[in-house]
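Good morning, colleagues. Please look at the structure as it comes up.

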Amino acid sequence: MTDALVAGGWGLLAGSALLVGALLGYALRVPQRVIAYVMAFGAGVLLSAVSFELLEEAHREAGLIPTALGTLLGAAAYTGGNVWLARRGARHRKRSGHGARQPSEEQQAGSGNALALGALLDGVPESAVIGVSLLNGGSVSLVTVAAVFVSNVPEGLSSSAGMRSAGRGARYVFGVWGAIAAASAVSAVLGYTVVGALPETVVATVTALAAGAILAMVADTMIPEAFEETHLALGLITASGFLASFALSHL
């Protein structure tokens with residue numbers, strides 16, 4: 001039980017970055033270019049964590065085929081959920097610019113619920129792998145926690161700025177991100193307790209599945225938002241985030 005609570009604490013810490021970003025995005029008028037730069041950096045951090053923490057561990061425990069299948073299944077599951085939510089108004093949930101604004105409730109009924117579900121879809125795989133990482137040696141992967149935390153700040157910042165532009169109030173915005181932060185803690189606990197009871201090969205496959213979902217999320221939602229303002233600088237900024245996470249994993 002103690003280890004499960006530890007997993008929940010780390011998940012809550014990583015999820016709390018969404019609230020930090022939401023506060024900045026809702027209370028301040030952060031320039032679009034700054035949001036995009038931070039989003040690009042966060043995308044690179046997540047890509048590195050997926051490569052050197054999640055997929056490498058899954059491959060070590062289960063081999064290439066289960067890792068590849070898990071990754072593809074995770075990406076397919078995320079994409080399917082994202083397509084369903086996009087049709088209900090959550091396609092641009094991480095965007096705050098005028099080129100691709102989130103719809104208001106008047107423009108598309110039910111889009112508020114879709115946005116909340118979209119935020120949950122984005123956050124669950126990241127938090128679950130924090131709990132799973134505790135299974136390897138009894139200590140959490142600080143690189144994974146740091147990667148999720150860093151990527152969550154621009155996610156909350158950009159999305160909450162978009163929610164404000166769409167006319168959604170502070171109660172809705174902070175209610176959504178507070179709930180997602182709490183769900184992050186629950187996901188980390190379930191990642192440790194439920195997945196931990198499974199055979200090692202299955203644990204590795206589930207890790208790869210989460211990695212695939214995160215990869216699809218980065219490509220589908222974070223990189224498009226970042227590219228709108230960074231353009232040709234996107235590659236350099238993303239590479240900087242990737243290297244920062246890579247260096248942290250090798251300290």
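A search over the whole structure returns three aromatic pairs. Here rings of Phe, Tyr and Trp (its six-membered ring) pair if their centres lie within 6.5 Å, with planes under 30 degrees apart called stacked, over 60 edge-to-face and the rest tilted. This is a predicted model, in which local features need pLDDT of at least 70 and side-chain atom pairs count only at pLDDT 80 or more, while totals for chains, interfaces and linings use all residues. Residues are numbered from 1 along each chain as its sequence is written, and side-chain values use heavy atoms, leaving out hydrogens and water.

Consider Tyr26 and Phe174: their ring centres are 5.7 Å apart and their planes stand at 70°, so this pair is edge-to-face. Because Tyr26 belongs to helix α1 (residues 2-27) and Phe174 to helix α6 (residues 170-196), the pair ties together parts 148 residues apart in sequence. Helices are DSSP runs of H or I, at least four residues long, numbered from the N terminus. Phe174 has 27% relative accessibility and counts as partly exposed, a class lying between buried (under 20% relative accessible area) and exposed (over 50%), with a 1.4 Å probe and protein chains only.

The rings of Phe52 and Phe242 also form an edge-to-face pair, with centres 5.7 Å apart and planes at 70°. This pair links distant parts of the chain, as Phe52 is in helix α2 (residues 32-62) and Phe242 in helix α8 (residues 234-249), 190 residues apart. Phe52 is partly exposed at 28%, and Phe242 is partly exposed at 27%. Ring pairs join Phe52, Phe242 and Phe246 into a cluster.

I turn now to the pocket. Which residues lie nearest the centre of the largest pocket? They are Val124, Pro125, Ala128, Leu209 and Ala210, out of 18 lining residues. A pocket is an open set of points on a 1 Å grid over the protein atoms alone, where a 1.4 Å probe fits, with protein on both sides within 12 Å along at least five of seven lines; lining residues have an atom within 4 Å of a point. Helix α4 gives the most to this lining, with six residues. The lining comprises 15 nonpolar residues, three polar and no charged, where Ala, Val, Leu, Ile, Met, Phe, Trp, Tyr, Cys and Pro are nonpolar, Asp, Glu, Lys and Arg charged, and the others, Gly among them, polar.

Finally, His231 is in the loop between α7 and α8. Its phi is near 50°, a positive value in a residue other than glycine.

Note on methods. Helix = DSSP H or I, 4+ residues; strand = E, 2+ residues; numbered from the N terminus.
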